[in-house]
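Okay, thanks everyone for coming. Let me put the structure up and we'll walk through a few spots together.

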Amino acid sequence: MSMFDRLEDTLRRYEDVTAELGNPDIVTDQDKFRKYMKEQSNLAPIVEAYTEYKASKQNIEDSLQMISEESDEELLEMAREELADSKKKVEELEKKLKILLLPKDPNDDKDIVVEIRAGAGGEEAALFAAELFRMYSHYADTKGWKIEVVNADETGIGGMKEIEFMVKGQGAYSVLKYESGVHRVQRVPETESGGRIHTSTATVAVMPEAEEVDVQIDEKDIRIDVMRASGNGGQCVNTTDSAVRLTHYPTGIVIYSQTEKSQIQNKEKAFALLRAKLYDMECQKAHDAEADARRSQIGTGDRSEKIRTYNFPQGRVTDHRIGLTLYKLDKIMNGDIQEIIDACIAADQAMKLSRMQNEG
């Protein structure tokens, strides 16, 4: 099927969905209504771009006809300008439509669970892990997203051996999935008297939050322990058995949640994190089964891959996957990561387009 056949099918589907949304039976069925609204929202950018494309193609025909029939030099000049503008627009819209028609990651609209773990480098790695958490927190603020910490293992001087948190917001996974991998920092640690540059690492895992329908968990496979929360948690720490630990026997995954005062809330968060991890394991298996496809995508790569280096002496951040280097480390550490994410999205789309053309 050609691109334009697919666009015509999309246009017809959009018209059908719009008609269904005016059907009283659909309006009164909230689940169906939400489903159609979401589909309409997903199809709208394609339909808008295609409508604009068809209008530009018509402008080209009209301009060519005017040039062939008109003798007035002023009108001819206007027609030639209109023709050039329309041709340029058609080229731009063709590129845009190809990207809009790329298969959508089914997880893109989901909220996420992020896990940051200190890697090589001891206390310095733990400090870097805490800085990465602050970086993502500030970025989430700029997007109007909400962050909920599930569990944090803090060190005495402000570092974090690990932290697990949820990010709730429109399209969170579609944006932050590119952050999965090993992040490397090069700098002179505050604890280093000799002034030597050290290299430390932290691993970031970004997982789509899974609904209960996505992952079935058998109660027989779970052990639930409750205990008193420990660490910096306010007055209720060590006074009530509010912390929850889940052990999933088949995988050996252990989840600990203690940030809420209520045992019920901690249990909910722990189960949400477990579902996300189990769903992520299934997604990883699927990607492994399609090794070539996985290698050709940015953002769903190997978690052991070193994706980015933060060089403090030179104020430089380099994303190794796309060869991007930016000299604004302070801004990036303060959450200004949109330029990196946009570059990753563009590179990912270019790879997918190239793959589709090769397959075609």
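So, which residue in strand 10 does Y310 stand opposite? That's V317. Keep in mind that this is a predicted model.

Strand 9, residues 306-311, pairs with strand 10, residues 316-319, in the antiparallel sense, over four bridges. The two form a hairpin with four residues between them, and in the turn you'll find G315 with a positive phi of about 60 degrees. Strand 9 also pairs with strand 4, this time in the parallel sense and over five bridges. If you want a landmark there, Q186 has N311 as its bridge partner. And strand 9 is mostly covered, with five of its six residues buried.

Now, Y310 comes up again in the largest nonpolar core. That core has 38 residues, and the ones touching the most other members are I116, L132, Y136, L176 and Y310. Several elements supply at least two residues each, including strand 1, strand 3 and helix 10, but the largest share, nine residues, comes from helix 5. There's another core lying apart from this one, with 19 residues, M207 and Y279 among them.

Last stop: E179. You'll find it in the loop between helix 6 and strand 4. Why do we call E179 buried? Because its relative accessibility is 1%, and the cut-off for buried is under 20%. Its side chain makes a polar contact of 2.7 Å with the side chain of Y136. Further along the sequence, E179 is also in contact with I307 and R308, among others.

Terms used: Residues numbered from 1 in each chain as written. Predicted model: local features only at pLDDT ≥ 70, side-chain atom pairs only at ≥ 80, totals over all residues. Heavy atoms only, no water. Buried < 20%, exposed > 50% of the residue type's maximum accessible area, 1.4 Å probe, protein only. Polar contact = N/O pair within 3.5 Å; in protein donor to acceptor, adjacent residues only side chain to side chain. Contact = heavy atoms within 4.5 Å. Core = buried A, V, L, I, M, F, W, Y, C linked by side-chain atoms within 4.5 Å. Pairing = 2+ DSSP bridges. Lists of a residue's contacts leave out its neighbours within four places in sequence.
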